[in-house]
There are 6 protein chains.
Amino acid sequence: MHPVLLELLRFLREDTGFWDVTTESVVPETEAEAEIVAKQECVLAGVRELELLCSHFGVECSATGDGAHAHEGSTVAELRGSARTLLLLERTVLNMMMRMSGIATATRRLVEVAGRYGVRLAGTRKTTPGFRYFEKRAIAIGGGDPHRFRLDDAVLIKHNHLRFSSLEEAVRRAKRVSFTKLVEVEVSSPEQALLAAEAGADAVMLDNFTPEQVEQVLEQLRSRVLVEVSGGITPENIESYARLKPHVISTSWMCTSAPWVDMSMRVVKP
Amino acid sequence: MHPVLLELLRFLREDTGFWDVTTESVVPETEAEAEIVAKQECVLAGVRELELLCSHFGVECSATGDGAHAHEGSTVAELRGSARTLLLLERTVLNMMMRMSGIATATRRLVEVAGRYGVRLAGTRKTTPGFRYFEKRAIAIGGGDPHRFRLDDAVLIKHNHLRFSSLEEAVRRAKRVSFTKLVEVEVSSPEQALLAAEAGADAVMLDNFTPEQVEQVLEQLRSRVLVEVSGGITPENIESYARLKPHVISTSWMCTSAPWVDMSMRVVKP
Amino acid sequence: MHPVLLELLRFLREDTGFWDVTTESVVPETEAEAEIVAKQECVLAGVRELELLCSHFGVECSATGDGAHAHEGSTVAELRGSARTLLLLERTVLNMMMRMSGIATATRRLVEVAGRYGVRLAGTRKTTPGFRYFEKRAIAIGGGDPHRFRLDDAVLIKHNHLRFSSLEEAVRRAKRVSFTKLVEVEVSSPEQALLAAEAGADAVMLDNFTPEQVEQVLEQLRSRVLVEVSGGITPENIESYARLKPHVISTSWMCTSAPWVDMSMRVVKP
Amino acid sequence: MHPVLLELLRFLREDTGFWDVTTESVVPETEAEAEIVAKQECVLAGVRELELLCSHFGVECSATGDGAHAHEGSTVAELRGSARTLLLLERTVLNMMMRMSGIATATRRLVEVAGRYGVRLAGTRKTTPGFRYFEKRAIAIGGGDPHRFRLDDAVLIKHNHLRFSSLEEAVRRAKRVSFTKLVEVEVSSPEQALLAAEAGADAVMLDNFTPEQVEQVLEQLRSRVLVEVSGGITPENIESYARLKPHVISTSWMCTSAPWVDMSMRVVKP
Amino acid sequence: MHPVLLELLRFLREDTGFWDVTTESVVPETEAEAEIVAKQECVLAGVRELELLCSHFGVECSATGDGAHAHEGSTVAELRGSARTLLLLERTVLNMMMRMSGIATATRRLVEVAGRYGVRLAGTRKTTPGFRYFEKRAIAIGGGDPHRFRLDDAVLIKHNHLRFSSLEEAVRRAKRVSFTKLVEVEVSSPEQALLAAEAGADAVMLDNFTPEQVEQVLEQLRSRVLVEVSGGITPENIESYARLKPHVISTSWMCTSAPWVDMSMRVVKP
Amino acid sequence: MHPVLLELLRFLREDTGFWDVTTESVVPETEAEAEIVAKQECVLAGVRELELLCSHFGVECSATGDGAHAHEGSTVAELRGSARTLLLLERTVLNMMMRMSGIATATRRLVEVAGRYGVRLAGTRKTTPGFRYFEKRAIAIGGGDPHRFRLDDAVLIKHNHLRFSSLEEAVRRAKRVSFTKLVEVEVSSPEQALLAAEAGADAVMLDNFTPEQVEQVLEQLRSRVLVEVSGGITPENIESYARLKPHVISTSWMCTSAPWVDMSMRVVKP
């Protein structure tokens, strides 16, 4: 976990530039206390990152842990240290926590529905460039399955790949890569789903199927491959898929559509 | 603009890891053509980044420019090059374009309202850590004012700073920093706004004022300082502020609440 | 594949320091031709890296491809370009190719035995820090399975982990991480192997089993989990395991014990 | 010495990826103790690196020092700290220590022979890209001379350079570079060796000479230049050269052919 | 302030290379005390950087603060720690302090003249590549205005820009960028200065005007725009401009012409 | 030489920040031509860096070479390319060339004196942190000897080291490091100089000796060791030392005291 410290320092430099011209001209070198307040109900994330930065800069931090539920208006962290340092960290820390808590909160919301049916809820690779580690972390904190971290940790044969190869040949070649890599095929019809299972895929992704289409093919697939339902899943329609009990439902909704959680830091002493 | 290439390559590494195990096992070394399609109406952004990556990897790219309006279903870029390279770039390029176009589209929506009243619409520093350049760029493409890039390019004295200094003293000290830096004060009451103007601030930020409160103080301030209205601005309430004609309305809504634009890349040849 | 260029440039800086004081003082700015010669029979690797560096520096390169068999004394690449550039690249390029070809050659030797029995041969995470991408690449070029790239792409519960949890509980927790991650357990006895299979592991690693011990448990395991044999595998003893037909045999021998292939670059013109 | 910490953190990221999915799911946040054990007799190296990483992560470490002799089965380091951190560091630390100790052990073996005749034993620039600092360090720990660190710290005129210049002219130009840089010439015949000495070289490298050829020219050279013997030196043939007492014998054998030392880390508490 | 630590470590690596071959061979691992002495009267800068490096390496440091006046021969810092670490840091720390104190001293000298007339003294973007943060910091420590940090924090329309646009159009476009960015125009004649003021520029830079030319136009401009006098300002001629009381005088003299302050570190114990 | 491109891009980012707000708002996307003019007589340096940046950004560049003499007012480079790119590069390129040409010019001035007596003129390690490569390069271009590049490329035993060891012991230990590393001792008296020669040092640095003191000891030393005279050397006093004909005179004057060369870039078309 600690290796992310260098990344956090890079984020701080992005926000600081040369130096904080306001704080250095207005605020004396003195001790202060501050609170971070959640202005909305949420599932907290980004707390470990807050703690790492505080620890690096000698700021005492007492915070509610990642994954905890916070109520509107609740104080989620109490900080004590150099006033200038607190103000230097403020925006970077809040941006981390607001974005990550937004994702964790949205994930939890989806997980609660999927979980009622024993279905696993996964995020996709639609993440902000340069920030994926933190977004995948937030998905995990929210109870989601982080799915592939990158192009090298599992095989996913998509429609674009199948322009260059038959499905059977693609699966055959993919299964040679490594016994540690899952081989999944994105399919657009029940027939293709069955073909993939036949070809030896470990999983199939039913892409943009209606609940009816999922239902039609699920029983035949379930015992042979992992079945992932994907494409356009939102809090509004997730239950119509979840009740069919595929193994996995995946979506990028928590990363591409869910709002950030509003939080603020206020100095409480002096 | 070109110096961002190194950053784009870092994003690509984040998505790739060691190598694309799917593409390298399934797709032969051959030429291909692909299209990027906007699946929603939007204002395009991230196109320059697409072009830089394509140019670096020897992919021909013919794309609609940043800032252009795209209709649902329209092809916004045509690419031709190595099939493996196209598939390697796919997710990184789409994530850039979807996030940036989402921000540009949301910004344009707000700018259209503000602009009707001659009011400037600005974004804040609530941006994804490590991705601010691209988000500020998208705000500018959408017609917005990018506001401060970081803590060092203008002075903004906020409530937290005023725990350590009187407003007058803070402004006095801040004005010594550099003649090139704007000095703005975030205020929470009409009285404080007038005090800031009196003290010599270049701008005041009316923080979380109701439209009525803005109206009450705006005439007295307008000729003396730049007036920025901020706090909770959304497409729903922006007009109630804009019609009062402050100089600037600022919000983080396009970064913290607006959805990404859905786009996809599809191989069209072979 | 191109994203590794930045890494290659870093390697070149490591070897160059400020500047090549010999070449810049002794060699004029002129064109030259050079050959890279394999001084031992080998399986070539590192050629893609050679080509990337050559292409970046404007050197024409005609090379035998990665994975090809080279005989002792055969010319594996012909280069033409600036004499100073050729000499600048020499050591870095040769170090890449010699180390990678050494691994590919050793892997191929093991794969030839394992393959006769339909067994997959995999490398481990015992790789040179900072150079793993290239070493895993060489394993793949040699026909091996690259196994885990890092700690995040599959679960491997080892003896050290089982100091903190029962095997059943560990498997149960691990299977929650992600449906995309294989769950494997390293076991030290036939009983533990069966327990792991029972608990739902996808794979078991029989660690430091004798061929007899492997034989004893393999039939019971084979149909339920992937069976990986590991620990002390060398070219000398691999066949005694391979003939038992576990799914996978893994070893670090190609990275920790196999010699580099000797190669040299010689200027042939002028 | 401390500046290498950033490099060590980079190595740790290479092995970790996003996060250690096994440890974080299986191991609780608790304290533990572990030992690093040498499974072969060896000269230890990489201990300073172990200590730096431990110190950075708050792990107590009591270790046998670099350069010490370890017996088969001896405990070379005792660690105490967060269980998760110990497991996170395990592979990176072992890879460092196994590779570096392998080189130090091989170097010591050669040094013991060379040293009996008062001959200095040096390593070459055939090192793993990106890891040279650590490999040169291991050579020094083993008692060897690290030779050139890179292309900029001494002049070495090789056969390839002499395609572009006469030897005399090359030496003349090279001696102008800096009074701080040794000027050495790689020669392939006794005549060339004498020519280099005549031309004012500080050192000559007798490249791939048989012991007989070395003997033939050594007396004439010894008092005029430093004489380095190089090319194909192994533990088997080193004594046949060393007994002739050139000033230096150099080889890449410890980096390109010597095996890594086998080590492991085992948790001993709980 | 702390985010610069990574940069300081990079500087230390630049000076160290692989390792300090002198200190590691000659100096034992022992404690020592050292002093940093100013060999010339000066305004100190670089002390914060010294303190950061000392703190990172566990060296106790008691130093005179940034901006303090030091006399010739005065001890400006007392250090205590590992002897090897003190010697490792010596050159990097001194280079920082000597360059930065040179700039701070030169700036103070100019500020003293300008300040007598109430004129602000600013530095330009003529700084050493890669070292600007530290040079701007030194200007601020010397009492100067750091002016633009980079191309993105204020608009400065220069002669070269006006090859592509009329002045009025350029100002009009520039004022649209952001309300937070000053818009300044570099002018070469009194007429152009008035035109810029007319067009709405916030500031004009009178470039290479003689004092007489400044005098001629200053009264007309003063109340309408900020007036900056620039071009060839040195300690010799600054008063002839300062007595005219423009708002700002800017120069690169402290960065491009002022000598470094001579300092040395001497070990005092043992 | 090309590996510095990444460093140059870093410098460009330092000057650019997010984007050039002036150029992007004022200058259209069009072609332009510009000239770089030397405003003072000088020895040119930084041209290779100019060419690398131009080549990377597709700007045609026809420039006078590094080391050439330029007259006041002479055009040293003609550039043609995108107007925006030319303006983006302007300051970074000029800062490189002005600083490097300043050093090359100052070095040449010293070299001309030293060279009349056959004495080698060397620079020291007093260089701007992060910019040493370029400063050492400029010294070499000016005809100087770049001396040690860093702490690892030669041994220099200084007064501070001798607090921890006798001179003889220090030399003895240092000579064991590597046969490729010069061993030099900084001495403060004729006696110490002779002692160092006796102990086997390759070179002695007479530190802050008066010409008389140098004369007194030079004859005894000259035939036994390389003699370097150092400490307070300037253009004013160099001849008094040079006429004594030590092997080397070293100084930091060209880096710490010589002014930058004034240069400017002007757009000439349109």
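Between chain C and chain B, three salt bridges are counted, a salt bridge being a side-chain nitrogen of Lys or Arg within 4 Å of a carboxyl oxygen of Asp or Glu. This is a predicted model, in which local features need pLDDT of at least 70, side-chain atom pairs count only at pLDDT 80 or more, and totals for chains, interfaces and linings use all residues. Residues are numbered from 1 along each chain as its sequence is written, chains are lettered from A and ligands numbered from 1 in the order in which they are written, and side-chain values use heavy atoms, with hydrogens and water left out.

**Interface of chains C and B**
- E24(B) and R48(C) join their side chains in a salt bridge at 3.6 Å, N to O.
- Chain C contributes 15 residues to the contact and chain B 12 residues (contact: heavy atoms within 4.5 Å).
- Helix 5 of chain C gives the most to the side that touches chain B, with five residues (helices: DSSP runs of H or I, at least four residues; strands: runs of E, at least two; both numbered from the N terminus).

**Sheet of chain C**
- Six strands make an open, parallel sheet in the order 6-11-10-9-8-7 (strands pair if DSSP finds at least two bridges between them).
- Strand 6 (120–123) and strand 7 (155–157) of chain C each have a single partner strand, so one side of each lacks a neighbour in the sheet.
- Strand 7 of chain C pairs with strand 8 (residues 183–187) of chain C in the parallel sense over three bridges.
- L156(C) has E184(C), in strand 8 of chain C, as its bridge partner.
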